[in-house]
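Here are a few friendly notes to read alongside the model. Keep the 3D view open and take the points in order.

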Amino acid sequence: MATEIYEASIKSEKFKVDSTVIDDYVEEDRSASITNEFGHGKGSFLTAYFNIVCVVAGTGTLGLPKAFADGGWLGILILILAYLMAVYSGIILIRCLYYKPGHRLSDYKQIGTASFGWVGYIIASSLHLLNLFGCPALYLVLASGNMTAMLKGTPGELNYKIWAIIWGAFLLIPSLILKTLKEVTAIAAIGAVCTMVAVFIVLIQGPIQFHHATEPVIHDSVIWTGFPIALSTIAFSFGGNNTYPHVEHALKKPHQWKYAVTAGLSTCTILYFLTAIPGYYSFGRNTTSPIYNNFSGAPQLISMIVMTIHVIFAIPIYSTSFSLEFEQFINCTDEKLGKLGSWIGRAIIRTATMVILVILAAFIPFFDDFMGLIGALANCGLVFLLPILCYLKLTGLRNKPWYELLFCLFTLFLGVVGCVFGTISAIKALIADFQSQH
């Protein structure tokens, strides 16, 4: 009956493909009680909200005060703009899934394919996999660096590269045991709590150290040369678009998506401001990334512990997601290879994945500039560029008001600046990091 109602509404309305009609389509879905028209789950608004907060609010928070140090107080404007663009991007990305009445695309790669054919598929897949691969490598850098710093001068002191190998071996265990990660939400929730603890410490400890500073703290209003790297770091903090189709698909009432993504990203942005402004205000040009390296004693130790817990829980989510997609690509399934054969295949793939992550972490031990590179290469494309381009291609230009097109153009401009110049700045910084080691 639900399907008949839906088909009758399609014939009577003669849908046009634009944002208004897509919203109407989802509203019709609601009014006709078609909650599972495309296999939607039973998730509530709060489920989607917490998923967004858990996925988006992470280690990027720790780099935001340094992003302000790179760009000056202009970082406040960049963060506000990035927030607005991330919300808009999250909404239109889901609209792209429903661009064809009666059908729903399943993920980011299908959106790229529907928009630009095989070129779109390659670009969307590359950015998506770079994000899935780059983030766990970055987290491994942070975890290994934290363990090295926390145990320095104790009997448990070990070399940074040794810690990278230890964490890699330890984290390989859940990847080999679990076929999938159905516990992602619970694991991510732990990470979100850890992030909030770190934010609270920055909010309290930063001003305390500012008032006890023996030297003047210098701030800059605008540093134009640091704008691209600041933008790419902030873009990293809003990464999460490649998970949005899955979060929206779990919603029982998909029309709630735009409210969930707005509320989730608003919460993340509040956390970001509570970290970035006190952090930069307290340390100025001397702000480091991660920010807790500016602290000492118990605040630094607690921050290191909670963020190490966070990234250790997050790494298996990313690495297993990457492995699952590769296994699907080569058809490594029980049906094709049998249970033992598919397990051996998964074990080889996941072991190789973890080995590559350990090698990356061991030889690129620079959290700040590594994060800038991932933010510039992957997140600027996933958040600022690809959703806008796909949306305009799939739904057209003429059916949109001039101010929306202007906003799209401005978002594309900043995305290109962050992607191109942010990548150049991050690579130069990484080269300088390597040279300073020798």
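1. Let us begin with a pair of helices, α14 and α15, which are roughly antiparallel to each other because their packing angle is about 160° and angles over 145 degrees count as roughly antiparallel. Helix α14 covers residues 367–395, helix α15 covers residues 402–437, and their axes lie 8 Å apart. Here axes are lines fitted to C-alpha atoms, for helices over the stretch in contact, with angles running from 0 to 180 degrees between N-to-C directions. Helices themselves are DSSP runs (H or I, at least four residues), numbered from the N terminus.

2. The crossing of α14 and α15 is left-handed, meaning that the near helix is turned anticlockwise from the far one by less than a right angle; clockwise would be right-handed. Which kinds of residue make up the contact of α14 with α15? The contact divides into 20 nonpolar, six polar and three charged residues. Ala, Val, Leu, Ile, Met, Phe, Trp, Tyr, Cys and Pro count as nonpolar, Asp, Glu, Lys and Arg as charged, and the others, Gly among them, as polar.

3. A word on the source: this is a predicted model, where local features need pLDDT of at least 70, side-chain atom pairs count only at pLDDT 80 or more, and totals for chains, interfaces and linings use all residues. Residues are numbered from 1 along each chain as its sequence is written, and side-chain values use heavy atoms, with hydrogens and water left out.

4. Two further helix pairs are worth a look. Helix α5 (residues 74–97) packs against α11 at about 160°, with axes 10 Å apart, and passes α11 in a right-handed crossing. The axes of α4 (residues 60–71) and α9 (residues 227–237) come within 9 Å and cross at roughly 160°; α4 is therefore roughly antiparallel to α9. The crossing of α4 and α9 is left-handed.

5. Next, please find the loop between α11 (257–283) and α12 (297–329), where Pro290 sits. Ser289 and Pro290 are joined by a cis peptide bond, with omega about -5°. Most peptide bonds are trans.

6. Finally, where does the largest share of the nonpolar surface patch come from? Helix α6 supplies six residues, the largest share. The patch has about 980 Å², and its members include Trp118, Phe326 and Leu389. Phe326 belongs to helix α12.

Conventions:
Helix = DSSP H or I, 4+ residues; strand = E, 2+ residues; numbered from the N terminus. Parallel < 35°, antiparallel > 145°, perpendicular 65-115°, else oblique. Patch = residues over 30% accessible without salt bridge, like charges linked within 9 Å, V, L, I, M, F, W, Y side chains within 5 Å. Areas by Shrake-Rupley, 256 points an atom, 1.4 Å probe, with all protein chains shown as cover. Salt bridge = Lys/Arg side-chain N within 4 Å of Asp/Glu carboxyl O.
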